[in-house]
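Colleague: I am new to this structure. Please walk me through it in short questions and answers.

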Amino acid sequence: MPHRLLRFAFSKEHKEPAFFEQPACLKPSYDAVIIGGGGHGLAAAYYLAKDHGMTNIAVLEKGYLGGGNTGRNTTIVRSNYLTPEGVKFYDASVKLFQDLSEDLDINLFYSERGHFTLAHTESAMRTMRWRAEVNKHVGVESCVVGHEEITKACPQLDISCSGKAPIIGALYHAPGSIVRHDAVAWGYARGAKNLGVDIFQSTEVNGIDVKANKVVGVQTSRGYIATNQVLSAVAGFTPRICKMVDLPTPIIIQPLQACVTEPMKPWLDHILVSGSLHVYVSQSSRGELVMGAALDPYEMHSTRSSLEFVEGLSSHILDMFPFLSNVKIVRQWAGMADMTPDFAPIMGKTPIEGFYLDAGWGTWGFKATPISGKSMAATIANDRAPDLIHSFRLSRFEEFELTGEKGAASVGH
Amino acid sequence: MSTRLPQQAGEWIDREQPLRFSFEGREYAAFEGDTITSALWANGEKALGRSFKYHRPRGILSFANHDINVMVTDGVDTNIRGDVVKVRDGMQLHAVNTSGGVKKDRNRYLDAISALLPVGFYYKAFHTPRQLFPFWENIVRKAAGLGIVNFSFPRITKPKLHRFCNLLVVGAGPAGMAAALAAAEAGLQVFLVDENSELGGSLGYDHAAGSESRMLLADYLHRISNQPNITVFREAYAGAYYTDHLVPVVQSSGITKVRAGSVIVASGAFEQPPVFRNNDLPGVMLGSAAQRLIRRYAIRPFEQGVVLTANTYGYRVALDLIAAGVKILAVVDLRAGGESGNLHDQVAAHGIAIHRGSCVYEAKPAADKLSVAAAVICAYDEQTNSADTRNAFEIPCDGIAMSAGWAGASGLLYQAGTKMRYDDSVQQFIPDNLPEGVFAAGKVNGVFDLQARIDDGVRAAHLALRHLGKPAQDIRAPVHTGSSPSHPYPFVPHAKGKNFVDFDEDLSLKDFSNAAQEGFNNIELMKRFTTVGMGPSQGKHSNMNAIRILAKIRGLPVDKVGTTTSRPFFHPTPIGHLAGRSFHPHRQTAMHTWHKNTGAVFTAVGAWLRPAYYQTAGRSKAENIQQEVLAVRHHAGLIDSSTLGKIEICGPDAAVFLERFYTGSFASQPAGHSRYALLLDESGVIVDDGVVARLSPELFYATTSTANAAAVFREMQRWQQIWQLDIGLVNVTGAYAAMNLAGPQAQAILSKLCPLDLCDTGFPVGAVRETQIQGMAVRIIRVAFVANLAYEIHTSASDAQPLWQAITAAGSPLGLRPFGTEAQRLLRLEMGHLIVGHDTDGLTNPYEIGAEWAIKMEKDFFIGKRSLQIIQKKALKKRLVPFMLANPVSSEMPQECNLVIAGNEIAGRITSIAVSPSCSQTIGLAFVAPELGTPGTHFRIRTDSGAMVEAVVMTIPFISAKEES
C-alpha cells in the first residue's frame, strides 16, 4: 500500500487542503480573463502562471468546474491524426499527459491501453494506412495491423461483427490512453489556484467591452472586470461569446452523446473504435464500459439525450460483443460540440486585439487539454501564437488554408 | 430456520408450487413467485452479498429493485438483482464481487483498512513514481467492477414494439390507478405501467392491514381489468422520458416505444435510509422493505427488533411488524415533537416503549459480523443533529426497520424538463412547473395521505383530459397537512463513521464533509468527487441525503443546493433490449439473381451488394479479374452499374437549377447530349461527379456516384428549398437499373439489339438516345470511363434482368464477359480516370485534379464559385498525377496511401495503384507537390516497411486505343 495513504490512517482529522477556494469577490481588473472553467481554460490559466509568471488572472465559469465537455467526453487521449500538423500537436499533448499526474500531483489514472481504429472496408483500410504513414513520419507510434493481431489483443471481439461488417484490420496506436477527465480539470484548477489565479464558479459572462478594436473589459454576473486580454475557452457556446465582440466564426453546434454501463470486472483492456459501426468503447477503471457514437446529424444547442442514439449504439456494440446483451446501460448524456468545416480546432489570435480564441474542438477537445492550455498561455503572454498552432488559426478559413482532419475523427460525422 | 408466515390473502407466492435452488453452494426451498432475496430471507439467510468498495456484508435495504449489493450470477448471466428477479427451480446462484463467497469474502480486509481509503483516495496516491502506476492500476482495476461477464452469453434479440396512446400513466399505485380509471372512463386510451408483477403499489403492502384498503384495492383491480380503455403493462418500467412524450417501456420481453398524447407520472417515492453507524448491516432495512416482505412474500422480516422513525409511517410499520409476529422492543423517533396520530397510541397499547427525541446511535454486528445483533439508542438533538450518548442503552435485536422519509421518484419529471422546488411542508423536491402534457400525481407530487393521493390522481387525469382537448373539471390540488413525511436531516454522526449514505459506493457521512472541505462543495462537483449516485441504483437512496448534507455544510436552504441532472435511464436497461432486432439491410440490384447464378463474388458497396468479380472454375481471384479486364480491352464486357445514383430534374427551371448546382454549363446543352457534372461544396471542395443527360428541354437525367447517391439528392432538395425554382426532383436510383457495355465489340453487340445509328458521328461520345431493346424502353449514354467505346444503358428495374440477359446472349459469341468492380477499378485506372472520394479527399479542389475544363467560371453563380475565385489566385499545393513505377516491383509493392517523400518531407500520397493487365506495368494516381507533377519527373514512394520505390509521372490514358482490339 503506498505510503501516501498512510497519512489518512494516523490522523483523525481530514487534513487535506482544499482543491478550490473561491475569492469572495472579483478584483476590479485582471491582466487576463479566461472564459470557461473547463480543462482548456484552467490549463491555460495554469500555464500562464507557471510558464509565463502571469498570475493576475481570473477564470470565469458559468456552472461548475469541468461541467461542460471536460466532464462529458469518453476520456480518450490519442495522437493518431491525419495531417502532420495535427499529429504533431496531439503528440505534444500526449507527452504532457504522460507526466501530468506528477506535475499536478493528482492521480489522473492516465492509463495507456492501446487504441484500435477498426477497418471494416478496404477504403477504411486505406485511410488507416494514410494515418499510419503520416504518424510514423512524424514519429508517432501507429501501424496498420491485420485482424489476427486484433483478435490476439481482444479475443472477445467478434471479428466478423455478427457477419454484418467483418473487420479486415485496424490502425493500432499504442499510446492511446484513457484518463479521469474530471480530475484533469481539478488538477489544473488546484495548480492554477496555488499559483495565485482566481477561479470563479457560477459566474456568467454577459458581455465583452471592445473599444477601438481592443478588448477593455468583461461584464459578468458578479460585476465588471477591466482587462485587455480575454480568452474564450468554452464549448457549445463559442458563437455566443464571439457575438459579444461581433466576431463571426464558421462554427456550428451539434450534439454528441455517450453512455455508460453497470460496472463489471475488467475484461476490455484496449480502446476500440469502429467508424463503420459508429462506436467507440473502453472500460473505465471503475469497470464500466464507456461508449460513444457519431455526432447527432443536426444542429442543436441542447444537451438532451435521444433514444435513437442509445438504440443504435446498443445494436452496434452487440455486433462487436454479442455477449453483452444483458449488460445494462445505466446512464446516457450529451455534450454540445463546436464543429468546424475542416474538423480541426480554432486557436490563437483574432482580428480583435486582446481577444483570443480556443474553440472548434468538435468531438476531440479533451485529448488536447494540456497542449491547448500551454499554447494558449503562450499566445496570451506573447500576443503571438506559437508555430505549433499556426495551422489552427481562425484566419485559415478566409485564407482557404484548411487543415483537413475529417478522416481522423474517430467515427462518422 | 424458516420465517415464512402462514398463508395470507394477496401474497405473491404460490405455495402449491415449491421449488429448490442453491445459493453459494447450499440448497434452499422456495415457492413459485419468490424472488431470490425473498427465498433466501425466508430461509433465514441475511448476508446476501458484499459491497462494492469495502466488501461489507449486505442484505435487504429497499427490496424494491435497488438492492445492488445483492447481485448474483447463475453462471450464465451476471449482475442479476436478487431483490426482484424471481427464483427458478434448479437455479445455482453465487453472489458477485466476492473472493471466496459471501460469508468468507477474502476482500473483507478492505473494510478493516477503510481508514486508508477515504473519499477520493485514488486521486492522491499511486501516481508517483510514474513507472509504478501500471502496477497499482492493475490492482485497482481488478478490485473495481461487480459481476464477471460471460463471454459465451448468447446474443439476445428482442423486437421492439411501437405503440400510441392518449395517456401514459407511470406507476399503478393509488394515484396512478385513480388517474388511469378517471381518464379511461372519460374515453381516453390509457397505458398503465408498473414495475411490479401486481398492481396496487403501496396499497398492496403499506395499507394492507386494514380491510377497508384491501377492499379498495380489490375494487380498483376489478375496475381496471374490466376497463377496455386501459392497457396494463406489468413488470414494466418507464425507462426514460424523451422529447414529445416518447417513453420506452421496458419489460423482460422487450421494449415498447410508447408515443403518448400526455403523460402522468405517478411513480411514487423511494424511502430514504436514515444515516447512523452500521446502518448497512444485514437486518437493518427500510420500513417499506419490511412491509413488502410481510405482505408480498409472507415473510417475517426478523424476530425481534427496533423501529427507527421520524414520521407517522414508521408507526404503521411497527404495527405491521407486530402483526407479523415480530417482537418490537422499541420505537425510536428522531423527532421530539411531531404528530403520529392514533398510530402512536396503537403502538403504545402494545406496551412498546416509544423513545422520542432519540436515535439509533449505532447498530452492532453479531459475532460473525454478518448481521445486526443490537441497536444502541440514545437522545438526539434535532437542532444540532447530534447524539447525546450519556444515557445510551443497547437493545439486542436481529432487525431494525427504518422509516424517516422519502424522495420522489421524479427521474422522468426531470428528464421531461420539469422545474422542481423543495417543499418544506413535506421536505421533498416536488414539481413546480411542469412541461406541457406532463403531469404528476401522488407521492412524487408531495401528496402522502391515501385519499389525497387518489384525489390527486383524478386531478391529474382531468388536466390530461384538458390538455387533449376533452371536457375536464377543475380539481384543486390537495394540500399537505400535519407533520412532514420526511425528516429534514436524519443523520447521526459517529466518531467511528461507517454511517452509510450511498450503499452502492460505500460512502459514509464523513466522506461528504471531507469532499466539501476539499472544495467539492457544489452538488455536481461533490457527485463527481465522491461518486455519490453513480452506482447502479443511480442515487435513488443517496442523492437526496447528499443534497441535505451539502445544504447543512454550506448553511444553505436545500433549494439553493439544487440537484444533479437526472438522465436516462430511470433504471439500468439491457443493451439487448435497446438493440432490438438490429436491422442491417442490404440492397440488391435487379440483376442480383443472375449474378449469383453466374458465380459472382459480392462486395458490399455502402448498403449495396455488387459483384466484385465472377468466379470461374479453376481460376484464382486475380486470374478472374485479369480475364475480365482483358475481355473488356479486346472484346467486350458488361457490368451492372445500377448502384449509381439516378435523379430526374424536370420543369421550366431545370437547366437553371443544374447551372447553379454543378460547375458546368447546362443551359446551352442540347437535348440528346450528356455532360460531365462536377459538384463542389461551398468551400470549393469536390463532393461528387456524374453525368447529366438532357432528354428534353425540361427533363434532365443525372447520375451520381454510388457512395454519394443519397447525399447528392439530399443536397439538391436542400438547395431547392433555398432557391425555390420551378422544378421537380425525383430520385429514381432504385426504380432504374443501369449496365455498362464496354469494349471494342460493344458497338457490334448493341447493333444486334437496337436500330440506332451507332457510328461515331451518329452516336458520338456524350450522346444520349432513348429507344427500345426487345420492347424494353432504354436510355443509352455513350461514355468512356472504363474503355474508349462504352454504352451506359439505363432501363426500369423490372426490365433490367431480361435486358441484361438479352445483351449477354447477343454478346457471348463476340467474347463478351460480365465484369465486376475489381476489374472496373483497373480499367478506369488504365484509362487514367479518378474516382471522387478514392482519389480525392475532404479538401481536394478541382485545380488539384486538373479539372479546370469542367468549370465554367463565367457563370454568375454555382456552388463553390466564390471559393474557387480565391483558390484560383493561390499557388497549387498538390496535384493529382498519373504515374508508373520506374522498375518492375521486386519485393514490396507500394500500397494506396503510402506517402511520396521528397528529401525528408511528405510530398504527396498514392491514391490508386495496380498492376495493369493491359500494359503489364504498375500504374497509379498520386497526389504530389506541384514541382513533381511534370510528366517524366521521378519521385519516391515510401512503402509500409520504409523501403523507397521510384516512380515516374506519366500522361493519360495509360493505354492507347490501339491496345484495345
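Colleague: Which residue with a positive phi follows α11(B)?

Modeller: This is a predicted model, where local features need pLDDT of at least 70, side-chain atom pairs count only at pLDDT 80 or more, and totals for chains, interfaces and linings use all residues. Residues are numbered from 1 along each chain as its sequence is written, chains are lettered from A and ligands numbered from 1 in the order in which they are written, and side-chain values use heavy atoms, with hydrogens and water left out. Helices (H or I, at least four residues) and strands (E, at least two) are DSSP runs, numbered from the N terminus. After α11(B), with phi near 100°, comes G519(B).

Colleague: What do the buried residues of α11(B) pack against?

Modeller: Helix α11 spans residues 509-517 of chain B. Its buried residues (under 20% relative accessible area, 1.4 Å probe, protein chains only) include L509(B), F512(B) and A516(B). Packing here rests on contact, meaning heavy atoms within 4.5 Å. The partners, in chain B, are β27 (500-502), β28 (507-508), α12 (523-530) and α13 (543-554).

Colleague: How many residues of β32(B) are buried?

Modeller: Strand β32 covers residues 636-640 of chain B. One side holds A636(B), L638(B) and D640(B), and the other holds G637(B) and I639(B). Both faces are covered. The number buried is five of five.

Colleague: Which residue of β38(B) stands opposite I639(B)?

Modeller: Two strands pair if DSSP finds at least two bridges between them. β32(B) pairs with β42 (residues 816-818) of chain B in the parallel sense over three bridges, with A636(B) opposite L816(B). β32(B) also pairs with β38 (residues 736-742) of chain B, in the antiparallel sense over four bridges. There, opposite I639(B), stands N740(B).

Colleague: Which residue takes a positive phi in the hairpin of β10(A) and β11(A)?

Modeller: Strands β10 (residues 205-211) and β11 (residues 214-220) of chain A pair in the antiparallel sense over six bridges. I208(A) stands opposite V218(A). Two residues lie between the strands, and the one with phi near 50° is A212(A).

Colleague: How much area do chain A and chain B bury between them?

Modeller: The contact takes 93 residues from chain A and 100 residues from chain B. Buried area is the accessible area (1.4 Å probe) that two parts lose on being put together, summed over both. Carbon and sulfur atoms carry 58% of a total of about 8800 Å².

Colleague: How many salt bridges are there between chain A and chain B?

Modeller: A salt bridge puts a side-chain nitrogen of Lys or Arg within 4 Å of a carboxyl oxygen of Asp or Glu. One joins the side chains of K877(B) and E401(A) (2.3 Å, N to O). The count between the chains is 13.

Colleague: Which residue of β29(B) is the bridge partner of I329(A)?

Modeller: β18(A) pairs with strand β29 (residues 573-574) of chain B. The sense is antiparallel, over two bridges. The partner of I329(A) is T573(B).

Colleague: Is S111(A) buried or exposed?

Modeller: S111(A) is found in strand β4 (residues 111-112) of chain A. Leaving aside neighbours within four places in sequence, S111(A) is in contact with G176(A), S177(A), I178(A) and E137(B). Its relative accessible area is 2%, so S111(A) is buried.

Note on methods
Buried means under 20% relative accessible area, exposed over 50%, partly exposed in between (1.4 Å probe, protein chains only).
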